[in-house]
Amino acid sequence: MRILVYGAGVLGCNLANNLYHAKKDVTLLARGAWAEQLKQNGLHMKKTFHLRESVSRVPVITQLEPEDCYDVIFVVVRYTQLDGVMEDLRANGTKNIVLLGNNARPVYYASLFPEKNIMFAFALSAGHSLDYVCHWSGKDLCQRPRHECRRRNERPEPGYEDIL
């Protein structure tokens, strides 16, 4: 499954980082100096109250081309930036799009793409970036301690379901 995370703020980086460590085929769309930093030095993440910083080599693109189709695109941009993303999404052939955030005006955005599957989600993490490092707090995609999930390819705890 090819996944694009469109937006490289703290929430987008956190999502891309989690998907990358879950061995998913994920790409991150970033722009400007931040995109160059990510390409050259990798994605630096630091979780609140942890001493270590992790570095992941998530693939980075700077533009969504019409022919670059993914199984799903997670749009993780500020509410005020959503309208600027719509033309890229309209021109692209990807059918499954998840708008991640709050105040997304679901009826309005779903009406823009009647031929696509538009879904809405909310992030359960927060953070800030400082000196090209994303500092975040929140839950990983894994429901158990990270070492337990990576040890074997096990299913999550009862009541949790893998969607990707």
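# Notes on a predicted model

1. For the cut-offs, buried stands for under 20% relative accessible area, exposed for over 50%, and partly exposed for what lies in between (1.4 Å probe, protein chains only). Just after α2 comes glycine 42, with a positive phi of about 85°.

2. Some ground rules before going on. This is a predicted model in which local features need pLDDT of at least 70 and side-chain atom pairs count only at pLDDT 80 or more, while totals for chains, interfaces and linings use all residues. Residues are numbered from 1 along each chain as its sequence is written, and side-chain values use heavy atoms, with hydrogens and water left out.

3. On confidence, the mean pLDDT of the chain is 78, and 71% of its residues reach 70 or more. pLDDT is the predictor's confidence in each residue, on a scale from 0 to 100. Where in the chain is confidence lowest, and where is it highest? The lowest mean, 43, belongs to helix α5 (residues 146–151), and the highest, 97, to strand β1 (residues 2–6). Over residues 140–154 the pLDDT stays under 50, and the model has 15 contacts beyond four places in sequence for this stretch. Residues 156–163 are also below 50, with five contacts in the model beyond near neighbours in sequence. A contact here means heavy atoms within 4.5 Å.

4. Now the overall make-up. The chain has five helices and 10 strands; these are DSSP runs numbered from the N terminus, helices being H or I with at least four residues and strands E with at least two. Of the 164 residues in the chain, 37% are buried. Among contacts with a separation of 6 or more, 53% join residues 24 or more positions apart. The accessible surface of the chain is about 9800 Å², and carbon and sulfur atoms account for 52% of that. These areas come from the Shrake-Rupley method with a 1.4 Å probe, and for residues only the protein chains shown count as cover.

5. Have a look at the loop between α3 (82–91) and β7 (96–100), where threonine 94 lies. Is threonine 94 buried or exposed? At 1% relative accessibility, threonine 94 counts as buried. Its side chain reaches the backbone nitrogen of tyrosine 70 at 2.9 Å. Leaving out residues up to four places away in sequence, threonine 94 touches Asp68, Cys69, Tyr70, Asp71, Val72, Ile73 and Lys116.

6. Asparagine 92 is found in the loop between α3 and β7 and is buried at 3% relative accessibility. Setting aside neighbours within four places in sequence, the contacts of asparagine 92 include Leu64, Glu65, Pro66 and Lys116.

7. How many salt bridges does a search of the whole structure find? There are two, a salt bridge being a side-chain nitrogen of Lys or Arg within 4 Å of a carboxyl oxygen of Asp or Glu. One joins the side chains of aspartate 88 and arginine 31 (3.5 Å, N to O). Aspartate 88 lies in helix α3 and arginine 31 in the loop between β2 and α2, so this pair ties together parts 57 residues apart in sequence. Aspartate 88 is partly exposed at 21% relative accessibility, and arginine 31 is partly exposed at 48%.

8. Glutamate 87 forms a salt bridge with arginine 90, and the closest N and O atoms are 3.0 Å apart. These two residues are three apart in helix α3, so about one helical turn separates them. An α-helix has 3.6 residues a turn, so residues three or four places apart point the same way. Arginine 90 counts as partly exposed, at 36% relative accessibility.

9. One backbone angle to look at is that of lysine 23, a residue other than glycine whose phi is positive, near 65°. Most residues other than glycine have a negative phi. Lysine 23 sits in the loop between α1 (10–21) and β2 (25–29) and is exposed, with a relative accessible area of 75%.

10. Lastly, leucine 11 is found in helix α1 and is partly exposed at 31% relative accessibility. The C-alpha atoms of leucine 11 and glycine 101 are separated by 9.1 Å, although the two residues are 90 apart along the chain.

Conventions. Polar contact = N/O pair within 3.5 Å; in protein donor to acceptor, adjacent residues only side chain to side chain.
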